[in-house]
Amino acid sequence: MEWNVNNAFKTYKELEPKAMMDMTLVPHSDPIDIGLGSSDKANSVPPKRKKTMTSVYLKYFETAPDSKTRKCKFCGQSYSIATATGNLGRHLTNRHPGYDKAADVVTSSSVPQTPPVVVKQSQSQSKAPQLDYDHLNWLVLKWLALSSLPPSTVDETWLGNSFKFLNPSIQLWPAKKYKAILHEVFRSMRGDVKTSLEHIQSKVSVTLSFWNSYENIFYMSVTGQWIDENWSSHRLLLDICRIPYPSGGSEIYNSLLKVLKIYAIEDRVLCCTHDNSQNAILACHSLKEYLDAQKVLPFCYIPCAAQTLNDIIDEGLATIKPIISKVREFTQELNTSTELSDDFIQLTTAYHEGNWKLPIDASSRWSGNYQMVNILCKASKSLDSVIRKNEDALENRMILSSVEKNAVNIVHNYLDLDSFHRTTNDMCTNKDLTVGLALLFMDNISEMITTCQKSCHNPDWLRTCAESMAQKARSYNTQVCNVFTYITAILDPRIKTEYIPETINLESYIDEARNHFIRNYSSTHFTSSMSSGYRPQEIDEGGAGGGGNISFAEEIARRKRRGSMSNNVVDELTQYLSESIAPMQTDVLDWWKVNSGRYPRLSNMARDFLAVQATSAAPEEIFCGKGEEIDKQKYCMPHDSTQSVICIRSWIEAGMKLKYKCSEIDYERLMELAANVAADNSAGGLEKSQHR
């Protein structure tokens with residue numbers, strides 16, 4: 001019984017005409033023929049063979065331009081033009097079994113820019129199934145995007161050989177074509193991103209992150225966040241920018257402003273959260289100057305709380321990093337060796353040193369460093385026993401001295417690393433990590449560091465570490481000490497003014513916050529004008545700014561209405577702050593959704609400010625091993641694919657459909673057809689085996 005994995009990508013002529021019409025996934029106006037077929041082509045009749053083609057075998061061979069040789073379209077084997085057709089048939093039978101089940105037209109591997117086309121066979125033709133390898137190519141393209149792999153991956157010899165093993169006639173697109181199509185998919189999908197941003201009724205906040213590739217190219221990702229009218233939070237990657245040399249604040253600013261203008265949101269950006277680097281701070285400062293000069297609504301920028309906390313922890317671990325490296329090396333051996341892991345588990349059980357689940361996180365992120373310290377402090381006997389038992393295999397390089405063990409224990413106890421771990425874990429798992437909650441976490445960290453500094457029992461080297469940690473914390477507190485961060489924090493019903501850190505809870509801020517509410521959110525025109533980047537100062541212009549001639553009485557009436565509305569805003573804010581704070585487990589957006597009727601204007605402010613992000617990247621990418629995998633993928637991406645591949649992946653993961661020239665690629669339909677074909681082939685194979 002013959003078995004052919006490629007049958008999963010066949011389409012049969014028995015499919016109903018409508019089903020075949022559904023396979024129209026992209027238009028055929030593309031100069032690069034992607035071979036998915038339009039409805040016109042699907043219903044067209046294949047061209048008649050010339051009279052000179054007297055053998056059914058000739059359609060599987062391509063005549064050379066000099067008319068002296070014929071080349072096999074499957075493998076490229078050449079034969080003299082005088083070769084008997086019987087020999088051509090034997091070649092097909094011996095080298096390409098099942099060739100007769102292929103489509104009427106098979107594209108030569110020598111012409112990769114013209115892949116096979118889905119052609120619906122007429123009822124008078126043979127009922128043999130038709131192969132369509134472009135379906136496979138579109139699946140490969142989505143695999144490349146979702147796996148963050150460069151198009152050059154398809155040029156790997158053994159990947160091609162693996163497909164050839166399944167079916168010698170499989171034709172993968174060349175890497176150049178995958179790259180071109182990915183760029184076109186990127187342009188099409190970016191159009192959808194633009195459209196979605198055009199309909200946003202609230203302000204947008206952005207976050208920035210940076211990295212270097214293996215080609216030493218400096219990149220910046222720009223991500224937008226907003227909250228819609230139904231109080232659903234949205235996060236969408238806007239672009240990946242290549243920052244030109246020397247990659248300083250000026251270059252970052254120009255690239256960022258270009259992205260904001262592409263999406264026409266430069267007058268709707270409320271805040272930018274950066275990664276704490278000096279160049280990013282300079283770029284954000286330049287952007288603020290530009291936006292202030294344009295007289296749009298106030299703009300602010302804040303540092304990433306997670307990155308700051310990670311830097312603080314690194315300072316605390318600085319003196320014991322070499323010791324941690326030793327334990328990490330042992331842990332990596334432990335994770336890969338069954339013998340070592342069995343010994344370790346048995347000994348920890350015997351010594352009552354906890355239950356350890358393997359593999360243990362040995363990443364270089366904080367999560368891995370914490371586990372290394374944990375092993376040394378909580379499973380010290382088991383660690384020593386396993387190392388000494390396997391001294392020869394481990395080459396004696398992992399044995400720790402009593403001084404090293406003592407240093408790790410001091411850091412663990414006096415810096416209270418368990419509390420640091422709980423804080424970072426909460427930041428990673430809390431789906432409502434607002435700026436207010438991040439300030440609460442960071443304030444607690446500052447108190448812990450201060451306690452360590454004041455303890456007279458700590459050695460001098462630990463006090464030095466604590467002072468370095470305190471400097472990082474003070475820098476963060478200085479950068480977030482502004483009225484806009486204050487407003488963002490108090491609009492979290494779990495925080496309000498009760499849990500605002502003293503460093504930011506200034507008396508003047510509450511008055512500034514009220515003035516900001518009155519100035520920007522008191523107008524009845526607020527809701528209707530937001531979509532076009534509202535400017536309250538224009539709305540407040542009585543006669544000239546209002547457009548058209550109005551009476552003096554109407555001007556007086558307008559001023560009265562504005563004064564009344566201003567009082568309502570103050571009343572809303574006062575009432576909101578006077579009520580008890582919500583429990584920490586409260587869903588912040590749900591709370592505002594329920595209470596927006598009570599606070600109609602304040603809720604508009606909340607929608608804008610609660611979109612401000614406390615971190616420039618997801619906390620788990622900064623603290624956990626997941627971030628290492630993401631960094632590796634970014635580092636290895638070549639410059640000609642970085643933007644398209646990373647953006648397409650992010651947009652697909654956000655729920656957007658993969659599109660080519662504004663036409664959706666219907667992967668669900670494609671896989672449905674593949675499943676039907678596989679089921680038909682399975683039934684046909686069973687029937688054939690029963691007849692044997």
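Two strands pair if DSSP finds at least two bridges between them. Helices (H or I, at least four residues) and strands (E, at least two) are DSSP runs, numbered from the N terminus. Keep both terms at hand for this tour.

This is a predicted model, in which local features need pLDDT of at least 70 and side-chain atom pairs count only at pLDDT 80 or more, while totals for chains, interfaces and linings use all residues. Residues are numbered from 1 along each chain as its sequence is written, and side-chain values use heavy atoms, with hydrogens and water left out.

**The whole chain**

Start with everything shown. The protein chain holds 29 helices and 12 strands. Of its 692 residues, 49% count as buried. Buried means under 20% relative accessible area, exposed means over 50%, and partly exposed lies in between (1.4 Å probe, protein chains only). Now think about contacts, meaning heavy atoms within 4.5 Å. Among contacts with a separation of 6 or more, 71% join residues 24 or more positions apart.

**Stop 1: a hairpin**

Select 204-212. This is strand E6, and 8 of its 9 residues are buried. E6 and E7 pair in the antiparallel sense over 8 bridges. Find Trp211; its bridge partner in E7 is Tyr219. The hairpin has 5 residues between the strands, and there Asn216 takes a positive phi near 60 degrees.

E6 pairs with E9 in the parallel sense over 4 bridges. Click Val206, whose bridge partner in E9 is Cys272. Strands of a sheet pair through backbone hydrogen bonds, either parallel or antiparallel.

**Stop 2: an open sheet**

Which order do the strands of the open sheet of 3 strands have? The order is E2-E3-E4, with antiparallel pairing. Strand E2 (61-63) and strand E4 (78-80) stand at the edges with a single partner strand each, so one side of each has no neighbour in the sheet. Neighbouring strands here are turned by 30 degrees against each other on average, direction ignored.

Select 69-72 for strand E3. Antiparallel E2 and E3 are joined by 3 bridges. Phe61 stands opposite Cys72 in E3. Next, show helix H3, residues 85-95. H3 packs on the sheet and touches E2, E3 and E4; its direction makes about 135 degrees with that of E2. Axes are lines fitted to C-alpha atoms, for helices over the stretch in contact, and angles run from 0 to 180 degrees between N-to-C directions.

**Stop 3: helix H17**

Select 435-454. At 1.5 Å a residue, the 20 residues of H17 should span 28 Å, and the end C-alpha atoms are 29 Å apart, which agrees. The expected span is 1.5 Å times one less than the number of residues.

Colour the buried residues of H17, including Val435, Leu439, Phe441, Ile445 and Cys452. What do the buried residues of H17 pack against? Their partners include strand E10 (300-303), helix H9 (305-317) and helix H18 (460-480).

Helix H19 (483-490) is also a partner. The axes of H17 and H19 come within 7 Å and cross at roughly 100 degrees. H17 and H19 are therefore roughly perpendicular. Angles under 35 degrees count as roughly parallel, over 145 as roughly antiparallel, 65 to 115 as roughly perpendicular and the rest as oblique. Show Val435, Gly436 and Leu439 in H17, which meet Thr485, Thr488 and Ala489 in H19.

**Stop 4: H20 and H25**

Select 507-521 and 600-609. Helices H20 and H25 pack at an angle of about 100 degrees, with their axes 11 Å apart. H20 is thus roughly perpendicular to H25. His516, Phe517 and Tyr521 in H20 meet residues of H25, among them Arg601, Leu602 and Asp608.

**Stop 5: two single residues**

Click Arg190 in helix H6 (residues 175-198). Is Arg190 buried or exposed? Arg190 is buried, with a relative accessible area of 18%. Leaving aside neighbours within four places in sequence, Arg190 is in contact with Asp239, Ile262, Tyr263, Gln643 and Trp651.

Finish at Ile399, in the loop between helix H14 (391-394) and H15. Ile399 is partly exposed, with a relative accessible area of 25%. Its C-alpha atom is separated by 7.3 Å from that of Asp384, 15 residues apart along the chain. Leaving aside neighbours within four places in sequence, the contacts of Ile399 include Lys326, Arg388 and Glu404.
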